[in-house]
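Please keep the sequence and the 3D view at hand while reading.

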Amino acid sequence: MHSFFVAALVAAAQGALAAEPPGPPPPGQAAEQKKLEEEIAKELGAAPAPAPGQPGPGAAPAPDAQPAIGGNPYARILMLPDISAIGDFAGTYHNLDVGSLSPRSGAYGAPHELTPHFEELELGLQSVIDPYARADIFISFSPGGVDVEEAYLTTLALPAGFQVRAGKFLSPFGRLNQQHPHVWDFVDAPLAMDRLLSADSLKGPGLDVAWLAPLPWFVELHLAGQTAQPSFIEEDRRTLVARLQQFFDVGDGATLGVGLSGARIQEPLAGASRQLGGVDLMLKIRPVNTRSYVVFQGELFTRRMSGTEEAGTATGGYLQAVFRDGPFYAYGLRGELAPAVVAGTTLVQPGSGTERRLSALVEWLPSEFQRLRAQVAWDHLPDGHDGFEGTLHLEFVIGAHGAHPF
Amino acid sequence: MTILHSARALGAPHLRLAATALAALLSLLPARTAAALNVVTTTEGLAGLAKEAGGDKVQVQSLSRGIQDPHFVDANPALAVKLRGADLLVDVGLDLEIGWLPPLVNQSRNAEIQPNGPRRFTAASVIHVLDVPTGPVDRSMGDLHPAGNPHFMDDPRAAVAVVAGLARKLSQLDPANAATYAQRSADFQRRIDADLARWKAAFAPLRGRPIVAQHQTMSYFLEWTGLRAAGYLEPKPGVPPPPSHLADLVQIVKAQGAKAILVENYYDTRSAEVVSHHTGAKVVLIPGDVGGLPGTGTYESYLDTLVRLVAGAVR
């Protein structure tokens with residue numbers, strides 16, 4: 001209380017001082033001062049400062065309103081990139097030993113235990129670099145550590161419909177793989193994507209060349225070369241990705257997206273190979289004068305391996321429907337087929353059977369900047385095990401986060 | 001020789017078919033016509049103004065429709081295709097399109113329509129912007145526009161300024177037709193001046209009358225018509241009203257005798273109807289922009305309709 005009072009007094013005194021700025025010294029005193037300054041300068045061997053009122057060539061007298069530095073005092077702030085942070089937290093309950101029977105990227109705890117999770121904090125820095133390119137940087141803080149999820153430059157001014165991304169980026173494969181988890185409708189990735197593509201999104205440093213075909217609908221062809229870590233492998237592998245992506249307007253307020261993806265990922269063993277294929281479909285129906293919509297989306301992933309212990313072809317995918325009911329609510333249903341793993345491992349082998357999962361989602365968005373989701377799932381393993389899963393998920397965003405692609 | 005050989009191998013009919021298919025495909029390509037500038041606008045209102053400025057010297061298409069909430073347009077890549085061949089992109093600005101336009105512009109490969117690019121015209125740059133926050137802004141204040149209020153299409157003076165700005169921009173891009181653009185801009189101003197006198201006359205006896213709006217979407221309109229907002233349905237922009245807010249609003253509407261609750265026709269009307277039910281004030285569904293209601297295909301018809309609806313309800 002006392003110190004606050006003193007501080008207030010000091011502030012008031014300073015205010016009073018500020019209100020009556022000291023005027024210029026009288027002329028006689030000023031001449032004396034100047035003389036003394038010159039004397040000191042001579043003693044120090046430095047040139048005296050130019051007398052006030054005699055500005056150098058080109059200098060404009062600053063009007064009173066202008067700050068001492070001239071121009072806009074907020075220039076530094078104006079030059080800052082868009083900064084955002086997105087937090088993801090979950091509480092889970094599983095009655096199955098997910099870790100050993102159904103390995104995945106989504107959050108889970110010990111069986112029959114309600115477990116809170118800190119999933120991720122994503123820091124985004126986004127800005128144009130210059131008139132020719134922009135940069136998007138996403139740093140992911142998670143219990144596993146800090147990872148540069150993406151950091152890439154995108155060209156803006158290449159001719160003939162070309163656009164190049166260089167740096168570290170999510171591989172242009174499929175639909176969900178190219179989206180950050182906080183953009184996904186459901187709280188976790190489809191199991192087939194984890195097991196056939198990558199359990200932490202297929203991504204890595206490299207170059208992505210995209211060509212927008214000069215056609216009246218959206219046709220984009222991607223060719224990317226990067227190093228990436230395929231499913232459950234913590235080692236960078238040389239990866240080539242190709243993708244053809246198309247979007248069509250089908251009637252008033254409906255859009256159809258179709259994508260074909262393929263990837264070839266290097267295997268360290270001589271004669272071994274890993275090839276991935278993917279088909280993705282999306283149909284969004286939104287009457288233009290509402291904020292409600294329905295999206296049907298599905299992806300099929302297939303992986304062909306040879307010369308490794310996982311040799312053979314494995315296939316899986318998901319099909320989902322999401323109904324956004326106005327600004328504040330959404331509901332979703334997802335069905336999945338995924339190749340099951342050999343129990344206790346992350347290996348997908350021929351004959352390990354098919355895992356089936358059905359998920360239902362309820363979502364509440366108090367505003368555009370946070371959402372609370374409840375997802376329940378029923379997981380059926382080929383050996384007859386049934387798993388119930390419940391997840392409560394919270395997500396928020398602060399700051400200026402760039403709009404997401406469609 | 002090899003080509004000839006393969007032509008024979010393919011057979012002439014195949015070749016002809018391939019040539020026809022190629023020709024058909026090429027005819028689909030978006031060709032930059034020398035005759036008209038390809039102007040793409042973010043909203044139908046801006047499209048209307050671009051037509052006023054450009055006439056038959058421009059070909060105008062809008063990325064969204066007047067019946068749509070311009071904050072929540074989908075960043076559909078099909079729209080990026082429209083932007084690829086744009087000679088000029090006209091946007092509202094003040095972050096109205098922040099949720100969907102930037103990714104489309106980036107996908108378009110059209111470097112010149114980037115912000116500050118030579119083929120970009122941001123309408124807000126030429127108007128007097130209202131509701132510019134003077135203090136710190138954060139999202140506890142709702143989903144407000146930190147740069148100022150972007151809903152200026154219902155202000156004819158802003159429309160005149162935008163058409164004049166567009167005429168200057170079009171003249172830079174197409175100097176051969178500069179005189180036409182200047183003439184059209186002057187004509188538009190003359191017409192709007194006459195309209196404005198008429199519209200203002202309709203509101204003259206209604207000066208100071210209170211209305212209720214969704215949020216501050218009507219600031220510009222209220223300023224030139226002399227009406228005033230008794231209150232807003234949303235306590236903060238984009239924040240749904242709790243019953244307590246609506247109860248307060250009912251008291252305010254009753255106390256001040258507000259007769260009209262103005263709601264852009266892309267908003268949900270439940271809150272408005274509740275207030276209407278308890279007060280007798282009339283819910284008036286207004287067009288949010290040019291094209292927002294049947295018969296509002298031009299700027300003047302849009303404003304005529306707006307004036308008629310509002311003046312009719314407030315009287």
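How much accessible surface does chain A have, and what share of this surface belongs to carbon and sulfur atoms? The accessible surface of chain A comes to about 21000 Å², and 65% of this area belongs to carbon and sulfur atoms, where accessible areas come from the Shrake-Rupley method with a 1.4 Å probe and, for residues, only the protein chains shown count as cover.

The model is predicted, so local features need pLDDT of at least 70 and side-chain atom pairs count only at pLDDT 80 or more, while totals for chains, interfaces and linings use all residues. Residues are numbered from 1 along each chain as its sequence is written, chains are lettered from A and ligands numbered from 1 in the order in which they are written, and side-chain values use heavy atoms, with hydrogens and water left out.

| Property of chain A | Value |
|---|---|
| Secondary structure | five helices and 16 strands |
| Buried residues | 40% of the 406 residues |
| Contacts joining residues at least 24 apart, among contacts between residues at least 6 apart in sequence | 53% |

Here helices (H or I, at least four residues) and strands (E, at least two) are DSSP runs, numbered from the N terminus; buried means under 20% relative accessible area (1.4 Å probe, protein chains only); and contact means heavy atoms within 4.5 Å.

In chain B, four strands form an open sheet with parallel pairing in the order 2-1-3-4, two strands being paired if DSSP finds at least two bridges between them. At the edges lie strand 2 (58-62) and strand 4 (120-122) of chain B, each of which pairs on one side only. Strand 1 (residues 37-41) of chain B is joined by three bridges to strand 3 (residues 88-91) of chain B, and Val39(B) stands opposite Leu88(B).

Helix 6 (residues 156-173) and helix 7 (residues 178-203) of chain B have axes that come within 9 Å and cross at roughly 175°, the axes being lines fitted to C-alpha atoms over the stretch in contact, with angles from 0 to 180 degrees between N-to-C directions. These two helices of chain B are therefore roughly antiparallel, a term for angles over 145 degrees.

The largest nonpolar core has 56 residues, and Phe152(B) and Tyr299(B) have the most contacts inside it; such a core is a set of buried Ala, Val, Leu, Ile, Met, Phe, Trp, Tyr and Cys residues joined through side-chain atoms within 4.5 Å. Helix 11 (residues 299-314) of chain B gives the most to this core, with nine residues.

Key:
Buried means under 20% relative accessible area, exposed over 50%, partly exposed in between (1.4 Å probe, protein chains only). Angles under 35 degrees count as roughly parallel, over 145 as roughly antiparallel, 65 to 115 as roughly perpendicular and the rest as oblique.
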